[in-house]
Amino acid sequence: MEHREDRAVQMAVRSLEGLMASQGKSKDAYHQRGMTPEAKARNTLARLHEAGKAAQTLLLIVLTIQAAHAELGPWGAPDWEAVQISKQAKRLRGAAGTHYPDAPSRYPRSEGLYLRHLGRMLAERASLGIGGDTIDHIRERARPSIKRPRPKPAPPRDDTVDELRRMQAFTAALRGGSWTVTARG
């Protein structure tokens, strides 16, 4: 991160760390099914904290998704950005599921309202470190600076004469005339 020492970025990182640390002990994936969407989002944050994930990573996820959303334009549902932020955060190693030593592992579904809650929580805390021109700056840096030349067009096909004869035969057949055309092979 280029602006690690900026006060706003440090405040956003501390805010995300506090958000993860304040969620308490996580519950396993088996018990997550009966939770409310808000509780599932908090449980996922607790999983991220227990897995030792850095708040800087979450801030980078939010910045990346917001820059992609700004580059692509409005996309899908109004909550698209929040859902993508939460899906990327949930994919971090150690936050996805519960692994039992003597039983099959369980992974909660990555769908539903809790993704919106989680994404909004992360975006809200990360917004402290995102300035007005930050997303535009990321978009500028992500674009390739070297313009690659377009590939040369393919040479014309050799069968243009045969194609012309086929077209003439077809139009003659439509008019009622009869042409016999043999294609060269």
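Which residues in helix 4 meet which residues in helix 7? The structure examined here is a predicted model, in which local features need pLDDT of at least 70 and side-chain atom pairs count only at pLDDT 80 or more, while totals for chains, interfaces and linings use all residues. Residues are numbered from 1 along each chain as its sequence is written, and side-chain values use heavy atoms, with hydrogens and water left out.

To answer the opening question, Leu 63, Gln 66, Ala 67, Ala 70 and Glu 71 of helix 4 meet Thr 134, Ile 135, Ile 138 and Arg 139 of helix 7, where contact means heavy atoms within 4.5 Å. By class, five nonpolar, two polar and two charged residues make up this contact; Ala, Val, Leu, Ile, Met, Phe, Trp, Tyr, Cys and Pro count as nonpolar, Asp, Glu, Lys and Arg as charged, and the others, Gly among them, as polar. Two packed helices are described by the angle between their axes and the distance between the axes. For helix 4 (residues 55-72) and helix 7 (residues 134-142), the axes come within 9 Å and cross at roughly 80°. The axes are lines fitted to C-alpha atoms, for helices over the stretch in contact, and the angles run from 0 to 180 degrees between N-to-C directions. Helix 4 and helix 7 are therefore roughly perpendicular to each other (angles under 35 degrees count as roughly parallel, over 145 as roughly antiparallel, 65 to 115 as roughly perpendicular and the rest as oblique).

Leu 63 counts as buried, at 12% relative accessibility (buried means under 20% relative accessible area, exposed over 50%, partly exposed in between, with a 1.4 Å probe and protein chains only). Beyond its neighbours within four places in sequence, Leu 63 is in contact with Ile 130, Thr 134, Ile 135 and Ile 138. Leu 63 and Ile 135 are 72 residues apart along the chain, yet their C-alpha atoms are separated by 7.0 Å.

Turning to the whole chain, the secondary structure comprises eight helices and zero strands (DSSP runs numbered from the N terminus, with helices being H or I of at least four residues and strands E of at least two). Of the 185 residues, 31% count as buried. Among contacts with a separation of 6 or more, 69% come from residues 24 or more positions apart.

The largest nonpolar core has 26 residues, and Leu 58, Leu 59 and Leu 122 have the most contacts inside it. Such a core is a set of buried Ala, Val, Leu, Ile, Met, Phe, Trp, Tyr and Cys residues joined through side-chain atoms within 4.5 Å. At least two residues each come from helix 1 (7-21), helix 3 (37-50), helix 4, helix 5 (80-90) and helix 6 (113-126), and helix 4 gives the most, with eight. Leaving aside neighbours within four places in sequence, Leu 122 is in contact with Leu 16, Leu 19, Leu 45, Leu 58, Val 62, Ile 85 and Ala 89.

Leu 19, in helix 1, counts as buried at 4% relative accessibility. Apart from neighbours within four places in sequence, Leu 19 is in contact with Leu 45, Met 121, Leu 122 and Arg 125. By contrast, Gly 24 lies in the loop between helix 1 and helix 2 (29-32) and is partly exposed, with a relative accessible area of 42%. Gly 24 touches Ala 46 and Glu 50, not counting residues up to four places away in sequence.
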